[in-house]
Number of protein chains: 2
Amino acid sequence: MGVYRDLGRDFDEWFDWIIREAEVYDYGRYPVKGMGVWLPYGFKIRKHVVELMRSLLDSTGHEEILLPILIPDGILAKESEHVHGFEDQVYWVTHGGLAPLDVKLALRPTSETPLSYLESLWIKSYRQLPKKYYQVVSVFRYETGATRAMIRVREVSTFKEAHTLHATYEDSERQVVEAVEIYSTFFRELGIPFLVSKRPEWDKFPGAIYTIAFDTLMPDGRTLQIGTVHNLGRSFTIAFNVWVHMPDGSMDYGWQTSYGISERVVASLVSVHGDSVGLRLPFKYAPVQVVVVPIPTGPEEARREVAALCERVTEELRVGGVRVALDDREDMTPGDKFYYWERRGVPLRIEIGPREVREGSVTVVRRDNRSRVSVKLEELVRAVVDIGEEYDEAIKAEALEGFGKRITRISDLGEAERAVASGHIVEIPWCGRVSCATEMEIRVGGKALGTPLRTDEREVEGLSCPVCGDRARSLMRFSKRY
Amino acid sequence: MGVYRDLGRDFDEWFDWIIREAEVYDYGRYPVKGMGVWLPYGFKIRKHVVELMRSLLDSTGHEEILLPILIPDGILAKESEHVHGFEDQVYWVTHGGLAPLDVKLALRPTSETPLSYLESLWIKSYRQLPKKYYQVVSVFRYETGATRAMIRVREVSTFKEAHTLHATYEDSERQVVEAVEIYSTFFRELGIPFLVSKRPEWDKFPGAIYTIAFDTLMPDGRTLQIGTVHNLGRSFTIAFNVWVHMPDGSMDYGWQTSYGISERVVASLVSVHGDSVGLRLPFKYAPVQVVVVPIPTGPEEARREVAALCERVTEELRVGGVRVALDDREDMTPGDKFYYWERRGVPLRIEIGPREVREGSVTVVRRDNRSRVSVKLEELVRAVVDIGEEYDEAIKAEALEGFGKRITRISDLGEAERAVASGHIVEIPWCGRVSCATEMEIRVGGKALGTPLRTDEREVEGLSCPVCGDRARSLMRFSKRY
């Protein structure tokens, strides 16, 4: 039985409770506001998520690097739009030991500026391009408003930022498509539903031509931005003199893209699959995929047989490549153990008592629906993996279904307001004027997420902007946002 | 042919040259002193090294976590010996955006203080102990003197720090033994020769009861500290109120150890195995273990056959679990390719020309001694792995032999001075007095490394301290040091 019955209503409390209770992330106790601690279990979840991202990037020609954490004032300030977008939010290192530094140093808010500086040293010719770098690092934002564990933090400690350089604009556009594909695969793998939107002009990354964003929906009905892809054009290559020898012998500035995700991925993984009992992690990416719990009853010998079978099953699963834990703690009842591992989102539980010993089988219980299946020992590993895969399909389908139900196309702004208030994303026909989108934001009580990546003209055929009445050119999405 | 013939004499230049030339680490060009960039190839070397360390720690019950990078002034200052050891070297964050912060924040120089603070919240009972945490992070030291790529940097970007907590002093002592074993295994795996010394009192970690250090010898005859293990006693648990419920019902402070390594491991890996041509990486940990180079000669068809066999061999090795690269660049001669991959320390090169096609074989060339072996295609993977293992044994033995020759036991201080000047570590009988060790440091022109972990009394039987003439109680080691 969970503490929080209605995740929609109690989401904030549920989230704070489960990340501490399941030992994911310790937040609010570290004595610097907006900075949390990855606990051992949470670190393992984070590791699986990061490794998935690494494998997607490595297999598409991205190279991992590691830049210094500090950026000198002069470098950060070189691209003016960029620095204006960040200057209120930058932490500054001003002293080394007891002495003031000659040049103040920023804790990186993101790495477009130092990397562009380095690219001006590293890249000479179109033959070296495209170049796709990435790093997984901490970045810092001095958020002045309310902070939130993993969602709005001052140290983003799981920032995967990719930066690419190209000889032509066309190639940078292809890279944007690749990035959107990589992120789509990534979120699908994790079963995190998402919408891809082209952010409105007024909400793009400082310095970019345009920004594409991935949003998911949290149980409280607010969307969370979980990934962004920017076409940076030549803002930074011009500012940093990233000149490239082109095939025709000329010299020209390169073209860049960048794209990032953060620990918000873990926050959404926790939130979109979780239930009132706790986490429900995907089998494929769970630190512990299966827990074996002995149900010892009867005489001493029967108990010994149960213990022996538990160990044998654990070992077989381990050898079979399953991440398995045996919970043989003696000071806890089986019921308490069930709850302990359910809270931690372990996908499958194997119960073994005297009956299982007698029958040469185990009982496999799924975390999502508590369905129980008896599995013969001869089929153990195969059956467990199969059930794990079914479980993954089920929790993904559940998340996707809930998400789909909450996306609504509406022309009436009154209806849209009610939908947004009840936790929906609405898509409203839009003429393309900033003033109309601003008016819509006010009237629907939500923020603009942007337009679908490609608007099929037929989708808006015959529709008009509910603010000005002019012909709609696309749909604009609105929701409550984090 | 390498640029630097005598690594001993030209070591500084060779090191700077090879880490840039082999694209390991870009240093001296990033516009913050003492901060470098891990380039893609270097990042991969670093990754293999870090993964080896992780596997050793994970398999001995260590849990990976991740703490914030910033430590508030008040926390850092809580253990007084500790803060005095670091206060001249700490970078301070004083501003968020344009406004000064209420409390200044240190970029962590190491994490004993914040972790002890957290342990006071996390740990309640001896039942939770021992607790072994570790993290792999950046730490910062505002070095005021000369900096050196990977060796003396202001951002140590590959700091693996482990922190353990115990119910008893005896258990913390066992942990020190385990840590020394783990590090010994680690350096042996990488073929990095080392001496383990108990550092003299005046050179221990600020706040520790004692410090044990691992030193290797660089080609220029200076020792480099590549790992340290500290028994911290209760300095930090008392300062931070890390109270633990003990089995007898009492409450008492816990006992701690900590131990760390850094990118100096990569620096020494590069240096102890490298030669005038470039890197020589261990087969087991090389990012690229084998490079396949086509030697196309003769008519078009023969060339096509060579190319086809190269692809087949590359694929077979890849499927066989070997990290292999095929260098089929058309604008480079085979000779230039040889040099390119030798510089990067790739252990084995496979050459394939028309003769190999005819004979159904490949030619395998070892990076260390350039020995050539013809290998039948049927035996490809097995033979390559065997040759790789032989190569590893050979480079390790070579490094160990060179190291062993440079450790000398000497009683005469004049001889000791000459030995230290020529790049040796000397072991001098020592009475145990600080004043005598200080005198020895001056007279031999080296720094004290400390005493062997266990001094067998027979080893110093009948020996006397060359400064005061009293009976020697142990050996004290001296060398030029980084």
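1. In this predicted model, A:Val93 lies opposite B:Val93 of S5(B). The two strands concerned, S5(A) and S5 (residues 91-96) of chain B, are paired in the antiparallel sense, with five bridges between them.

2. The contact between the chains draws 40 residues from chain A and 40 residues from chain B. On the side of chain A that touches chain B, the elements giving two or more residues include strand S2 (37-38), helix H2 (40-58), strand S5 (91-96), strand S6 (99-107), helix H5 (112-122) and strand S8 (155-166). S5(A) supplies the largest share of that side, namely six residues. By residue class, the side of chain A that touches chain B comprises 27 nonpolar, seven polar and six charged residues.

3. A separate point concerns strand S21 (residues 425-430) of chain A. Six of its six residues are buried, so the strand is largely enclosed by the rest of the structure. A:Ile425, A:Glu427 and A:Pro429 point one way from S21(A), while A:Val426, A:Ile428 and A:Trp430 point the other way; all are buried.

4. S21(A) pairs in the parallel sense with strand S20 (residues 407-409) of chain A, over three bridges. Within this pairing, A:Glu427 in S21(A) is the bridge partner of A:Arg409.

Notes:
Residues are numbered from 1 along each chain as its sequence is written. Chains are lettered from A and ligands numbered from 1 in the order in which they are written. This is a predicted model: local features need pLDDT of at least 70, side-chain atom pairs count only at pLDDT 80 or more; totals for chains, interfaces and linings use all residues. Two residues are in contact if their C-beta atoms, placed from the backbone, lie within 7 Å. Helices (H or I, at least four residues) and strands (E, at least two) are DSSP runs, numbered from the N terminus. Ala, Val, Leu, Ile, Met, Phe, Trp, Tyr, Cys and Pro count as nonpolar, Asp, Glu, Lys and Arg as charged, and the others, Gly among them, as polar. Two strands pair if DSSP finds at least two bridges between them. A residue is buried if 20 or more other C-beta atoms lie within 10 Å of its own, exposed if 12 or fewer, and partly exposed in between; C-beta atoms are placed from the backbone.
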